[in-house]
Amino acid sequence: MIYFNCDYTEGCHPNILKRLCETNMMQTVGYGEDEICDLARAKIRKACGREDVDVHFLVGGTQTNATVIAAILRPHQGALSADTGHINVHETGAVEATGHKVLPLPSTPDGKITAEQAENAYLAHVNDASFEHMVQPKLVYISLPTENGGLYSKAELTALHDVCTRCGLYLFIDGARLGYGLTAPENDVTLADLCALSDVFYIGGTKVGALFGEAVVITNPALKTDFRYHIKQRGGMLAKGRLLGIQFDELFTDDLYFKISEKAVRQAKRIAKACEDAGCAFFAPSPTNQQFPIFPDTALEKLAEKYKYSYWARVDETHSAVRLCTSWATTDENVDALCKDIASVMAE
């Protein structure tokens, strides 16, 4: 069975595994205060073009989202999110479990929300006579890329940033798949842009070459104070913190993070072309490592004999949208096989 259902089926990049073995018997202090974590932080700051950002390492995306949001919001405040957003759909109410409501907004087909939607939600709250009886919107949460593979342009991020500044909202960017977004040919956003246009974002490692781990980058000085307390309280302060530092130190050596991300996007483009050539439409446009083709159910039954994919949505009585996902480790051999079989099942 060949897996195209997600981007975290493999372990880690060989460079990381080699480094973990080389440093296995090394003694360091714990909780991310070791010299290797410091090296990783320095490399991330350099990649961001900012020496004044705080960098923290957490184990996984759901934990990161819940920790960041809980650290920012007061008890009566909530997070605006696309209705398809990860915190609203796929985290088992992790944010709500911290005591903060997710406030969903209708998303575009590719999973984005607009600055106008965020501003309208804020204005609807402050202009309601019963505003003190409702959860106060205080944070805008977006993913780059989105759950449906969409990318925010620099202009769209700038518009969101401007609205958040004007309305006193925080902007938090979930970067679980950030590498795959930044290396898409259609992308015009950089790490430096994310630093300038958000209060906090994170660089995903779990889905982009690491065994596990996310690197939180805090740009807003008001959010830096005591953040480590929140990491500890939410169970995210890894005792053997150097294991996270090693991984990000390797990922940010010689642009490895971006090289392996670009490879995954290139593989996904090959799959997208095979689907197009076979006559498939797409559920949502995606320039990233996630593709959402629509197949006849009969074709999907045949593909399922050899491949794992993620079911995405029912399109009509005989067609369904699925997600085909590549990763940093996706091989030419597996992509060749899938493309060939897509052409075959669609020709029958």
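Helix 12 (residues 256-277) packs against helix 14 (residues 332-347) at an angle of about 10°, and their axes lie 9 Å apart. Because angles under 35 degrees count as roughly parallel, helix 12 is roughly parallel to helix 14. Contact here means heavy atoms within 4.5 Å. Helix 12 contributes Gln 267, Arg 270, Ile 271, Ala 274 and Cys 275, while helix 14 contributes Asp 332, Val 335, Asp 336, Leu 338, Cys 339 and Ile 342. Seven residues of this contact are nonpolar, one is polar and three are charged.

The model is predicted: local features need pLDDT of at least 70 and side-chain atom pairs count only at pLDDT 80 or more, whereas totals for chains, interfaces and linings use all residues. Residues are numbered from 1 along each chain as its sequence is written, and side-chain values use heavy atoms, leaving out hydrogens and water.

Attention now turns to a strand. Of the five residues of strand 2 (residues 54-58), four are buried, that is, under 20% relative accessible area with a 1.4 Å probe and protein chains only. Strand 2 runs antiparallel to strand 8 (residues 214-218), and five bridges join them. Leu 58 stands opposite Glu 214 in strand 8.

The nonpolar cores remain. Such a core is a set of buried Ala, Val, Leu, Ile, Met, Phe, Trp, Tyr and Cys residues joined through side-chain atoms within 4.5 Å. The largest has 59 residues, of which Ile 44, Val 140, Phe 201 and Ile 203 touch the most other members. Not counting residues up to four places away in sequence, Ile 203 touches residues including Ile 44, Glu 214 and Tyr 257. Another core, of 21 residues, lies apart from the largest one and includes Val 95, Val 200, Ile 218 and Phe 227.

Technical notes:
Axes are lines fitted to C-alpha atoms, for helices over the stretch in contact, and angles run from 0 to 180 degrees between N-to-C directions. Helices (H or I, at least four residues) and strands (E, at least two) are DSSP runs, numbered from the N terminus. Angles under 35 degrees count as roughly parallel, over 145 as roughly antiparallel, 65 to 115 as roughly perpendicular and the rest as oblique. Ala, Val, Leu, Ile, Met, Phe, Trp, Tyr, Cys and Pro count as nonpolar, Asp, Glu, Lys and Arg as charged, and the others, Gly among them, as polar. Buried means under 20% relative accessible area, exposed over 50%, partly exposed in between (1.4 Å probe, protein chains only). Two strands pair if DSSP finds at least two bridges between them.
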